[in-house]
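Please read the following note with the structure open beside you, taking the points in order.

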Amino acid sequence: LFDGVYPFYPQQRKNFVFDVSTIIVIIVFLTLACSFLIIIPGIRGRARLYWLIRVLLSLFIGVVIVAVQYTSDWESGWVTANTSYKSFSRAWVNADIGLHVGLAGVNITLVGNPVNQANETINYNEYFAWSFDADYDHSYNEGLEKGLPSPILYLAEKFTTQSPCAVHNQYRISGHYTSAVLWVAFCSWLISNILFSMPALVYGGYMVLVTGAFMIFSLLSFSTVRNSPMCAIKFGPASLHVGYGGSFWLTLVVGLLCFVIGVTVVTLHFFSLDLLKTFFDLHVDEAEECQEMTEVYINHRFMNNPL
């Protein structure tokens, strides 16, 4: 013990926006994008621009669908307040307190203003998981045993199963189904890319519409957490208010983008098929298939050889 408190953190701290899984997903999609950029000089003419737009736009949609499942900012809120620091201590500190809700857990940050106060460096970042393979109450009890700062324990207690707020099950189930629907959207995104490459353009457009629909359904699933009113979170006179975060709005934007792409492809298929084929670089192949052979070479020895 150091002055009656636990100074060490044996577990690895988890970043509230990006974690290892998110970074891995981004690296994989960046590798695919860089690989395409290496081979794109081999594509001639305007088709090079069309391929660039199609591939990068498709990769952007795919990376968003996967990455937002590992982020911790579907809901977020900040407050600056004067608050007690730790149990069995009379020290008060001024700090920025952040609450960041993801699909699989909640991340709580505590940063002092200034960082060095009460003879300590106040810069905490704690993650509590509530996914089906995790025990949230156990993580909370471990935080109690470690002697985490009071603001972190106060926020974490709001999401325990025994809390009077009764939001644990709502967040847990909503996050689970939101993740499941996003994985279905990812599968439909893969199918749309396969159909565009076959090519079956109109059906690819339909699958892009399906992808956008499932992304919107995931947002509706997560929004059900609003059915359970959140308890008031107060630090003295200051209140912490939670609202939709960056991952929620990014998913909404990409879902609407899928609707725009799908509607555009289907509309062009019925009203301007030539323009759609030009964008997907199909006219060149058709011209080669329909081109008449101007000169034919015949092997006379083979032709005169009786069967």
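1. With a relative accessibility of 38%, Ile-53 counts as partly exposed, because that class lies between buried (under 20% relative accessible area) and exposed (over 50%), judged with a 1.4 Å probe and with protein chains only as cover. Ile-53 is found in helix α2, where helices (H or I, at least four residues) and strands (E, at least two) are DSSP runs numbered from the N terminus.

2. A word on the basis of these values: this is a predicted model, in which local features need pLDDT of at least 70 and side-chain atom pairs count only at pLDDT 80 or more, while totals for chains, interfaces and linings use all residues. Residues are numbered from 1 along each chain as its sequence is written, and side-chain values use heavy atoms, with hydrogens and water left out.

3. Ile-53 also belongs to a nonpolar surface patch of about 390 Å², which it makes together with Leu-49, Leu-57, Phe-60 and Leu-250. Such a patch joins nonpolar side chains (Val, Leu, Ile, Met, Phe, Trp, Tyr) within 5 Å, taken from residues with over 30% relative accessible area and no salt bridge, a salt bridge being a side-chain nitrogen of Lys or Arg within 4 Å of a carboxyl oxygen of Asp or Glu. Helix α2 (residues 47-67) gives the most to the patch, with four residues.

4. Which residues touch the most other members of the largest nonpolar core? They are Phe-29, Ile-65 and Trp-74, in a core of 36 residues, where a core is a set of buried Ala, Val, Leu, Ile, Met, Phe, Trp, Tyr and Cys residues joined through side-chain atoms within 4.5 Å. The elements that give two or more residues to this core are α1 (20-39), α2, α5 (168-197), α6 (201-223) and α7 (246-271), and α2 gives the most, with nine. Apart from it lies another core of 31 residues, among them Tyr-85, Val-93, Val-106 and Phe-235.

5. Five strands form an open, antiparallel sheet in the order β4-β3-β2-β1-β7, and two strands are said to pair if DSSP finds at least two bridges between them. Because β4 (120-129) and β7 (243-244) stand at the edges with a single partner strand each, one side of each is left without a neighbour in the sheet. Even so, β4 is mostly covered, since seven of its 10 residues are buried.

6. Strand β3 (residues 105-117) pairs with β4 over nine bridges; Asn-116 stands opposite Thr-121, and Asn-107 has Tyr-127 as its bridge partner. The two strands form a hairpin with two residues between them, and Ala-118 in the turn has a positive phi of about 50°.

Conventions: Patches are made of residues with over 30% relative accessible area and no salt bridge: like charges are joined within 9 Å, nonpolar side chains (Val, Leu, Ile, Met, Phe, Trp, Tyr) within 5 Å. Accessible areas come from the Shrake-Rupley method with a 1.4 Å probe; for residues, only the protein chains shown count as cover.
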